[in-house]
Amino acid sequence: MRIVLFGGAGFLGRHVAAALTGHDVVAPARSAVDLTAGPEAIAGLLRGADAIVNCAGVTTGPAAGLAAGNVVAVAHLLTAWERAEPGARLVHLGSAAEYGAAAPGRPVAETDEPEPVSAYGHSKLAGTALVAAAHRRGLPATVLRVFNPLGPGTPAALLPGRLVAGLRAAADGGPPATTGPLDGHRDFVDARDVAAAVRTAATARAPLPALLNVGSGRATALRDLAGLAAALAEQPPPAELGGGSARSAAVTWQQADLARVTAALGWRPRVPLAQSLRDMGLGVRAAVP
């Protein structure tokens, strides 16, 4: 298959590119620039594609930048796709931030009403709405709504990345690791599992739903995550300091309902949380004789 991959240089995009080994993958080096430049900049790339995967996006910054990277760029991609290769399957990565706060103890399903609490969540939801509208018109478009990814290469902008970096520095003789408040629960899913879901969706022959959750199906207490990471690093748990994110404080619980993605793709997460943390560089010393 010929698959055009946008955002292949990013955290999730690199894992998706690896998962697509064996296919003819075209990964534009300037994905974000091309997508925001307009449909004409990318239409030529899409001709002859069997599938299109969009891992590109903006996670931080002012609202205007989030809108450009997560809404306008998606609109340009959809326009180019419909003009150049509307028969190709489109897989777009969404975010659990689109759901916002969920009721503690209850997995969130694709049919639940999204209520984002941040500019990022709103921008991702708007992009999802554009893809869902294409699906309603009969086009083969699907959003994989990714929960909290981690694994090799996790950036420090994400809590697991910051946590691992602090514990590794402490293990190397640096100051003890610290973190913000760890009061919530999150659904952590390994980036390689996300990539496997993307591969399965991009290569599927049967029609797919417009929206599929991709998570672990488990709500992990953030203190349990920190405790597990500290144990692997053979360090004390990080001290919780003030100044946590208001966005995080507003979302105390996240857990994905995986019934729809399992039925549609036959996909289930496979990588345990401890393995994800080990593969991020924790516990390396313990494995050395």
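Which residues are exposed on the other side of α8? In this predicted model, Asp224 and Ala231 are exposed there.

The model holds an open sheet of six strands, in the order β2-β1-β3-β4-β5-β10, with parallel pairing. Strands β2 (24-26) and β10 (211-214) stand at the edges. Each edge strand has a single partner, so one side of each is left without a neighbour in the sheet. Neighbouring strands are turned against each other by 20 degrees on average, direction ignored. Helix α1 (residues 11-19) packs on this sheet and touches β1, β3, β4 and β5 (141-146). The direction of α1 makes about 165 degrees with that of β1.

Strand β1 (residues 2-6) runs parallel to β3, and four bridges join the two. Within this pair, Val4 of β1 has Ile52 as its bridge partner in β3. Likewise, the bridge partner of Ile3 in β3 is Ala51. In a regular strand the side chains alternate between the two faces of the sheet. Strand β3 (residues 51-54) is covered on both faces. Ala51 and Val53 lie on one side, Ile52 and Asn54 lie on the other, and all are buried.

Strand β3 also pairs with β4, again in parallel and by four bridges. Here Ala51 stands opposite Arg89 in β4. The chain passes from β3 to β4 through helix α4 (residues 63-84), and this β-α-β crossover is right-handed.

His92 has its place in strand β4. What surrounds this residue? Not counting residues up to four places away in sequence, His92 touches Asn54, Val74, Lys124, Val131, Thr142, Val143 and Leu144. The relative accessible area of His92 is 2%, and the residue is buried because the cut-off for burial is under 20%.

Beyond β4 comes the pairing with β5. The two strands pair in the parallel sense over six bridges. Leu93 stands opposite Leu144 in β5. The chain crosses from β4 through α5 to β5, and this β-α-β crossover too is right-handed. How many residues of β5 are buried? Six of the six are, so this strand is largely enclosed by the rest of the structure. Ala141, Val143 and Arg145 point one way from β5, while Thr142, Leu144 and Val146 point the other way. Strand β5 also pairs with β10 in the parallel sense, over four bridges. In that pair, Leu144 stands opposite Leu212 in β10.

The loop between β4 (89-95) and α5 (119-136) contains Ser118. Is Ser118 buried or exposed? Ser118 is buried, with a relative accessible area of 11%. Ser118 and Ala63 are 55 residues apart along the chain. Their C-alpha atoms are separated by 9.6 Å.

Helix α7 (residues 191-202) has 12 residues and should span 16 Å at 1.5 Å a residue. Its end C-alpha atoms are 16 Å apart, which agrees. Nine of the 12 residues of α7 are buried, so this helix is largely enclosed by the rest of the structure. Among them are Asp193, Val194 and Val198, along with Ala191, Ala201 and Ala202.

The buried residues of α8 include Leu222, Leu225, Ala226, Ala229, Ala230, Leu232 and Ala233. Why do they fall on the same side of α8? They cover an arc of only 160 degrees around the axis, which puts them on the same side. An α-helix has 3.6 residues a turn, so residues three or four places apart point the same way. The cover over the buried residues of α8 includes α6 (159-171), β8 (185-186), β9 (188-190), β11 (220-221) and α11 (273-279).

Glu234 takes a positive phi of about 55 degrees, although it is not a glycine. With a relative accessible area of 59%, Glu234 is exposed.

Note on methods:
Residues numbered from 1 in each chain as written. Predicted model: local features only at pLDDT ≥ 70, side-chain atom pairs only at ≥ 80, totals over all residues. Heavy atoms only, no water. Buried < 20%, exposed > 50% of the residue type's maximum accessible area, 1.4 Å probe, protein only. Arc of directions from axis to C-beta. Contact = heavy atoms within 4.5 Å. Pairing = 2+ DSSP bridges. Right-handed = clockwise from strand over helix to strand, strands pointing away. Axes fitted to C-alpha atoms, helices over the stretch in contact; angles between N-to-C directions. Expected span 1.5 Å × (residues − 1).
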